[in-house]
Amino acid sequence: MRCRLPLPLASEAFGAVLLQHVFDDGADPQPLLSECARILAPGGRLWLATLNPWSPYRLRWAGSGLRARDAGHWQAMLRASGFGADAVSLQWLGPRWRVAHGEAGVRAADLVRAGVALTLTKRVHAAVPPMRLQQLRWQTGLVPRDAHRGSTRGAQRR
């Protein structure tokens, strides 16, 4: 599907948006990321797959016009596009040399994989602000002092 921005889609209509290598050609990601923030429903997920600029694999696509940006750049772009400042989940994708059987996790060797996948959930503020909490204070007496004096005088008269 080819269309121009703004996308002909309803606001907050999608539960998931996948952007796979759409910014690798060096295009400005800000307008499309802002549209993704608009069409993504609260609680929806955005997946962004892009090339890893630190990978040795970049030698295969060097000179082809593709451009890779690091994960910190993508996090700043997502915040500027209207997504919350929540932590973005990162996962390095692609082949790796000398993989041990059963090895898992994010280690230094994972940083040189061919691609990066960023995942985040759209969070919005509640429509109704939360009620302000009342501050509780110690109260020394519930009955006015004059009432106590009157009752003791009445007791003395009896």
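View 1. Helix α3 (residues 71-80) lies across β2, β3 and β4 (115-121), running at about 30° to β4. Contact means heavy atoms within 4.5 Å, and angles run from 0 to 180 degrees between N-to-C directions of axes fitted to C-alpha atoms, for helices over the stretch in contact. Helices (H or I, at least four residues) and strands (E, at least two) are DSSP runs numbered from the N terminus. This is a predicted model in which local features need pLDDT of at least 70 and side-chain atom pairs count only at pLDDT 80 or more, whereas totals for chains, interfaces and linings use all residues. Residues are numbered from 1 along each chain as its sequence is written, and side-chain values use heavy atoms, with hydrogens and water left out.

**View 2. The open sheet.** Four strands in the order β1-β2-β4-β3 form an open sheet of mixed pairing, where two strands pair if DSSP finds at least two bridges between them. β1 (14-20) and β3 (89-93) are the edge strands, each pairing on one side only.

**View 3. Strands β1 and β2 with helix α1.** β1 and β2 (residues 40-51) run parallel and are joined by six bridges, with leucine 19 opposite leucine 48 in β2. Helix α1 (residues 30-39) lies across both β1 and β2, at about 150° to β2.

**View 4. Surroundings of leucine 33.** Not counting residues up to four places away in sequence, leucine 33 touches Leu19, Phe23, Leu46, Trp74, Met77, Leu78, Ser81 and Phe83.
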